[in-house]
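Subject: Structure handover

Hello,

Please find the structure below, with its sequence. My notes on it come after.

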Amino acid sequence: MSQELVKERVLKYLIEDLLVPQDMIDTNVLLSEFEEGAEGILDIVVNVKDKEGYFAPVLIVRCTDDDVELEGDTLQKEIEFLEYVDNITMAGRMILTNGDQMMYADWTGEEYDTEASLPTYEQMEREFLESEESLELEHHHHDGCGCGHDHHEEGHNCGCGDDCGCNDDHDCGCSK
């Protein structure tokens with residue numbers, strides 16, 4: 001089975017089994033679209049829309065011909081490429097397949113019941129939006145404060161230009 005046939009089978013799997021909307025799938029994406037000068041082509045990219053409406057990759061799929069054995073040096077080279085891709089795209093999820101064998105890697109920190117149970121599109125979208133929101137909260141009003149509050153109340157000045165609301169209840173590192 002050629003790489004193109006493998007790709008078609010994976011697309012069918014993504015749409016029918018993982019319920020990925022067709023308009024959220026890109027094929028043959030140049031890696032240089034994510035980082036200038038990066039080399040390589042991504043066979044399949046599954047995207048979600050972030051809060052601003054921009055597409056963000058949540059799953060990258062690498063397809064090979066079915067006669068490519070996913071073992072030894074070949075496998076190691078593919079894994080190194082996928083790690084390189086993840087460092088650039090920050091997708092967090094990768095699939096490598098030759099049509100017969102499929103390997104799934106997840107750097108998002110999420111855990112699933114079995115290695116074979118891939119997250120649905122809805123799960124990937126929810127996890128992406130949750131992580132985006134928690135990153136936003138971490139960076140909101142916490143320049144040097146570290147007290148764990150995501151709002152400001154009366155208290156002492158923590159250096160971020162407002163009162164941090166820790167009210168001396170926490171050792172938040174503020175200079176009173």
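Predicted model: local features only at pLDDT ≥ 70, side-chain atom pairs only at ≥ 80, totals over all residues.

Overall layout

The chain contains three helices and five strands. Their order along the sequence is α-β-β-β-α-β-β-α. Of the 176 residues in the chain, 36% are buried.

The S4-S5 hairpin

Strand S4, residues 93-97, pairs with strand S5, residues 102-106, in the antiparallel sense, and the pairing runs over five bridges. One of the bridge pairs joins Thr 97 to Met 102 in S5. The two strands make a hairpin, with four residues between S4 and S5. Gly 99 sits in the turn and has a positive phi of about 95°.

Salt bridges

The pairs described next are among them.

Two lie in helix H1. In the first, Glu 4 is bridged to Lys 7, with 3.2 Å between the closest N and O atoms. Both residues belong to helix H1 (residues 3-16), and they are three residues apart, about one turn of the helix. Lys 7 is at 4% relative accessibility, so Lys 7 counts as buried.

In the second, Lys 12 and Glu 16 meet through their side chains, with an N to O distance of 3.9 Å. This pair is about one helical turn apart because Glu 16 and Lys 12 are four residues apart in helix H1. Glu 16 is partly exposed at a relative accessible area of 48%, and Lys 12 is partly exposed as well, at 49%.

Another salt bridge joins the side chains of Arg 62 and Glu 78, at 2.6 Å from N to O. Arg 62 is in strand S3 and Glu 78 is in helix H2, so this pair ties together parts that are 16 residues apart in sequence. Arg 62 has a relative accessible area of 22% and is partly exposed. Glu 78, at 11% relative accessibility, counts as buried. The cut-off used here is that buried means under 20% relative accessible area, so Arg 62 at 22% falls in the partly exposed class.

There is also a salt-bridge network, which links Arg 93, Asp 106 and Glu 127.

A negative patch

Which residues form the negative surface patch? The patch is made up of Asp 65, Asp 67, Glu 69, Glu 71 and Asp 100. Asp 67 is located in the loop between strand S3 (55-63) and helix H2 (72-89). With a relative accessibility of 59%, Asp 67 counts as exposed.

In general, most residues other than glycine have a negative phi.

- Leu 19 is not a glycine, yet its phi is positive, near 60°. Leu 19 is in the loop between H1 and strand S1 (25-30). At 56% relative accessibility, Leu 19 counts as exposed.
- Asn 28 is likewise not a glycine and has a positive phi of about 50°. Asn 28 is in strand S1. Asn 28 counts as partly exposed, at 44% relative accessibility.

A contact across the sequence

How far apart are Met 124 and Val 58 in sequence and in space? They are separated by 66 residues in sequence, while their C-alpha atoms are 6.7 Å apart. Met 124 belongs to helix H3 (residues 121-139). At 1% relative accessibility, Met 124 counts as buried.

In short

The negative surface patch includes Asp 67, which lies in the loop between S3 and H2. Positive phi values in residues other than glycine are found at Leu 19 and at Asn 28.

Regards

Note on methods: Residues numbered from 1 in each chain as written. Heavy atoms only, no water. Patch = residues over 30% accessible without salt bridge, like charges linked within 9 Å, V, L, I, M, F, W, Y side chains within 5 Å. Areas by Shrake-Rupley, 256 points an atom, 1.4 Å probe, with all protein chains shown as cover. Salt bridge = Lys/Arg side-chain N within 4 Å of Asp/Glu carboxyl O. Lys, Arg positive; Asp, Glu negative; His and termini not counted. Charge placed at Lys NZ, Arg CZ, Asp CG, Glu CD. Buried < 20%, exposed > 50% of the residue type's maximum accessible area, 1.4 Å probe, protein only. Pairing = 2+ DSSP bridges.
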